[in-house]
Amino acid sequence: MKEKRGVRLDTTDVMEGVNTMTFDAFSNDDIQKIINHTIECMSKDALEKHIKQYGSLEKYCEHLSKGFQNEQAMSDVIRWYGSKDKAVDAILQSTGNEEELNQQQNKNDEVYRLLIEAKEKRNIELEKEGIAKLAEVYKEMFKVDNARAILLDLGKEYLQNDMLVKAIDDQYGNGSAKFIAEA
């Protein structure tokens with residue numbers, strides 16, 4: 001293991017040729033670019049809300065940068081994109097456009113409703129269609145070529161995170177989170 005900017009990196013698999021993905025910790029420059037981009041893309045109202053919540057813009061920026069200290073989350077992001085550079089590029093493509101975000105949320109909601117219909121009808125073909133559509137929504141949302149890793153991670157969260165399970169089940173019906181995760 002080696003340390004780089006507070007993130008432990010396990011290079012054993014890479015040294016043995018098992019893992020061809022690059023895992024470089026996000027540099028302070030990368031983090032600052034992402035934070036600046038996030039703030040630039042945010043609506044004035046949303047930014048003011050966050051400043052009020054955290055007490056100042058500086059404290060909000062500190063909060064955002066702490067997310068980069070979560071080793072597992074950063075490892076997942078790098079795995080989803082294949083490299084730190086691809087992850088940074090994808091993040092910087094985000095416009096923060098609320099209309100675009102709402103459209104993506106609506107598409108996601110439509111797909112979840114399709115999956116719930118598949119559950120209720122016990123229709124495997126409809127379930128497959130829903131998963132294919134969900135993959136397309138996530139590819140677009142996260143700017144990835146393949147959303148499989150993101151969907152698998154989301155499925156795990158739907159099986160393990162009680163708060164998330166409750167939120168999904170409250171919105172789509174009892175057992176929905178489990179069904180979507182398993183689909």
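A crossing of two helices is called left-handed if the near helix is turned anticlockwise from the far one by less than a right angle, and right-handed if clockwise. In this structure H7 passes H8 in a left-handed crossing, where helices (H or I, at least four residues) are DSSP runs numbered from the N terminus. The model is predicted, so to speak with care, local features need pLDDT of at least 70 and side-chain atom pairs count only at pLDDT 80 or more, while totals for chains, interfaces and linings use all residues. Residues are numbered from 1 along each chain as its sequence is written, and side-chain values use heavy atoms, with hydrogens and water left out.

**Helices H7 and H8**

- The axes of H7 and H8, which are lines fitted to C-alpha atoms over the stretch in contact, come within 8 Å and cross at roughly 165 degrees, on a scale that runs from 0 to 180 degrees between N-to-C directions.
- That angle makes H7 roughly antiparallel to H8, since angles over 145 degrees count as roughly antiparallel, those under 35 as roughly parallel, those from 65 to 115 as roughly perpendicular and the rest as oblique.
- The contact (heavy atoms within 4.5 Å) involves residues of both helices, including Val111 and Leu115 of H7 and Leu134 and Tyr138 of H8.
- Its residues divide into 11 nonpolar, 3 polar and 6 charged, where Ala, Val, Leu, Ile, Met, Phe, Trp, Tyr, Cys and Pro count as nonpolar, Asp, Glu, Lys and Arg as charged, and the others, Gly among them, as polar.

**Helices H8 and H9**

- The axes of H8 and H9 (residues 148–160) come within 9 Å and cross at roughly 105 degrees, and the two helices are therefore roughly perpendicular to each other.
- Leu134, Ala135, Tyr138 and Phe142 in H8 meet Ile150, Leu151 and Leu154 in H9, a contact with 7 nonpolar, no polar and no charged residues.

**Helices H2 and H6**

- The axes of H2 and H6 come within 10 Å and cross at roughly 15 degrees, and H2 and H6 are therefore roughly parallel to each other.
- Their crossing is left-handed, and the contact is made by Asp30, Lys33, Ile34 and His37 of H2 with Lys84, Val88, Ile91 and Leu92 of H6.

**The largest pocket**

- A pocket is an open set of points on a 1 Å grid over the protein atoms alone, where a 1.4 Å probe fits, with protein on both sides within 12 Å along at least five of seven lines.
- The largest pocket holds about 970 Å³ of space, a volume being the space filled by probe spheres set on the points, which are joined across faces, edges and corners.

Notes
On a 1 Å grid over the protein atoms alone, a cavity is a set of points where a 1.4 Å probe fits but cannot get out, and a pocket is an open set with protein on both sides within 12 Å along at least five of seven lines; lining residues have an atom within 4 Å of a point.
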